[in-house]
Amino acid sequence: MGDDGLALVALDGPQGGRRFPLWDGSFTLGRDLACEITLGGDQPQVSRRHAVITVEAGVVRICDLGSSNGTIVNGRRVENAYLSPGDEIRLGADGPRFSVRSAALAPEPEIAEPASPLPLAPSLADQGLYDPLHPKKARSGIGGILLVLAMIGVGGFLGALTLLLSLFAMPLPAALAGALFAFAPAPFYLLIWLWIDRYDPEPAWILAGVFLWGAGAATFFSGIANSLSEALVAGATGNKELAALVSASLSAPLVEEATKGFAVLLIFLFLRREFDGVVDGIAYAGVVALGFAAVENVLYYGNQAAQHGLGGLVFLFVLRGGLGPFSHALFTSMTGIGCGIARQSHNGFVRFVAPLLGYAGAVFLHFLWNTLAAFSGGLGGYLLIYAVVWLPLFFLFGVFALWMGFREARLIRSMLLPEIAAGLLSIQQIERVASWTGRVGWLVGAVFDPSLFGARRRFVHAATRLAMSYWHVERAMRAGGHTASLGMIGVFRSELEGLRSRV
């Protein structure tokens with residue numbers, strides 16, 4: 001039993017006769033698997049998150065969470081009410097009934113037996129899901145850590161090797177100039193991409209892993225494959241121009257988008273708790289592509305500086321760094337969007353096909369970019385194609401990314417609003433979490449107090465992760481599936497409870 005022997009007893013319905021111990025804390029009732037007291041999905045009177053019972057020092061209170069059919073206490077519909085042992089609660093006008101019981105209260109209430117005996121549903125723990133009454137130890141995540149460490153190690157080594165080979169392939173001053181022009185603007189580009197994912201930023205160590213993978217492994221393997229394809233076509237046809245075109249228009253799109261997209265796919269498959277949906281897919285894809293583009297630009301800029309001097313280098317920088325700095329990021333973001341759609345879906349066909357279609361979209365855009373550039377007929381043609389084709393595409397992609405960010409803010413707000421009635425969060429705290437400017441202002445206000453700053457940063461992160469976990473569970477419920485996010489809800493709620501007095 002809970003504090004003072006308190007329990008919530010189901011008087012009828014499929015749960016008839018079952019006791020739910022009540023101790024200090026909050027207990028959400030509803031059909032959602034994320035609720036502490038889950039009532040199943042076959043009771044139309046009960047909302048997904050119907051009501052919440054809070055217990056503090058033996059005082060019991062119930063709050064309706066905006067349910068469709070209302071919460072009724074002793075025959076009267078209430079928004080919130082204090083409960084005493086013996087009070088009767090009904091969820092909806094014709095929904096299931098419950099009673100608050102105490103060990104000191106006798107006799108037990110009359111229980112209406114179900115029309116036919118129903119077996120007890122297996123507990124959440126029996127289903128391999130999070131059960132507040134049987135908490136499971138958190139997984140260590142050692143596999144994900146080793147994966148990212150491998151990406152950092154392999155990517156860093158191959159990236160350094162690629163840069164060293166570049167130093168030997170061109171004069172040292174040209175190589176250094178190329179590296180400077182390639183890497184100097186990279187932090188600025190990276191900040192733009194991180195801003196897209198501002199509400200639920202990904203861990204820095206994972207972003208470092210995908211960046212180094214793009215800068216090292218993707219460029220190294222793609223360079224080998226592209227050089228081999230060009231050599232094979234040249235050897236077979238004796239036409240160097242055709243070989244260069246095949247390498248740029250066929251080999252480069254297929255191989256480069258595969259090597260870049262592979263990093264996104266690895267995160268999607270093995271670090272799913274850090275991959276919530278489309279916005280995260282865009283973020284990971286953009287970072288790996290920016291790493292790839294930076295190292296690739298070292299070669300382009302260095303060769304240009306060696307052949308045409310500083311003036312030629314600046315001219316190429318304006319074309320590549322000014323007009324097309326996000327071309328690779330745009331291409332690979334198609335793969336990220338595909339993986340993000342798969343992450344949000346519980347349809348097996350969609351989860352299999354979406355990443356493949358995303359990769360196909362990345363290959364097509366990359367093919368289009370390289371092929372149109374090859375047939376542009378000079379600078380004037382290139383600028384015309386850029387204005388007619390690429391500028392609108394970049395604009396549409398930017399609008400889409402901005403819309404996804406604002407959508408994420410609305411999602412966080414809507415998922416956290418029921419926590420007001422539960423007493424976990426205030427409306428002011430939710431508004432701060434769901435507003436990027438609100439977050440920044442709140443954190444900046446504590447920048448000179450390391451302890452307060454750390455507590456607020458953790459509070460924002462836990463609240464955001466809680467909202468995303470609720471969202472995953474909601475989508476899983478609609479599809480009749482399960483999600484590992486269910487197991488994290490109790491973790492993040494406990495973390496927020498511990499941080500409330502410190503922020």
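## A buried salt bridge

Asp12 and Arg97 are both buried, a term that denotes under 20% relative accessible area, with exposed meaning over 50% and partly exposed the range in between (1.4 Å probe, protein chains only). The two residues form a salt bridge whose closest N and O atoms are 2.9 Å apart; such a bridge requires a side-chain nitrogen of Lys or Arg within 4 Å of a carboxyl oxygen of Asp or Glu. The pair links distant parts of the chain, 85 residues apart: Asp12 belongs to the loop between strand 1 (7-10) and strand 2 (19-21), and Arg97 to strand 11 (residues 97-101). Helices (H or I, at least four residues) and strands (E, at least two) are DSSP runs, numbered from the N terminus. Asp12 and Arg97 also join Glu88 in a network of salt bridges.

## Basis of the values

The model is predicted: local features need pLDDT of at least 70 and side-chain atom pairs count only at pLDDT 80 or more, while totals for chains, interfaces and linings use all residues. Residues are numbered from 1 along each chain as its sequence is written, and side-chain values use heavy atoms, with hydrogens and water left out.

## Further salt bridges

The structure holds ten salt bridges. One of them joins Glu257 to Lys260, with 2.8 Å between the closest N and O atoms. Both residues are buried and lie in helix 5 (residues 240-270), three residues apart, about one turn of the helix.

Glu296 and Arg320 form another salt bridge, at 3.2 Å from N to O. Glu296 counts as buried because its relative accessibility is 12%, whereas Arg320, at 24%, is partly exposed.

## Cavities

Four cavities of 30 Å³ or more are present. A cavity is a set of points, on a 1 Å grid over the protein atoms alone, where a 1.4 Å probe fits but cannot get out; lining residues have an atom within 4 Å of a point. Grid points are joined across faces, edges and corners, and a volume is the space filled by probe spheres set on the points.

The largest cavity has a volume of about 70 Å³. Helix 6 (278-323), helix 9 (379-416) and helix 13 (450-479) each supply at least two residues of its lining, and helix 9 gives the largest share, four residues. The second largest cavity holds about 60 Å³, and its lining residues include Thr28, Arg49 and Tyr470.

Technical notes
1 Å grid on protein atoms, 1.4 Å probe; cavity = no way out; pocket = protein on both sides within 12 Å on 5 of 7 lines; lining within 4 Å.
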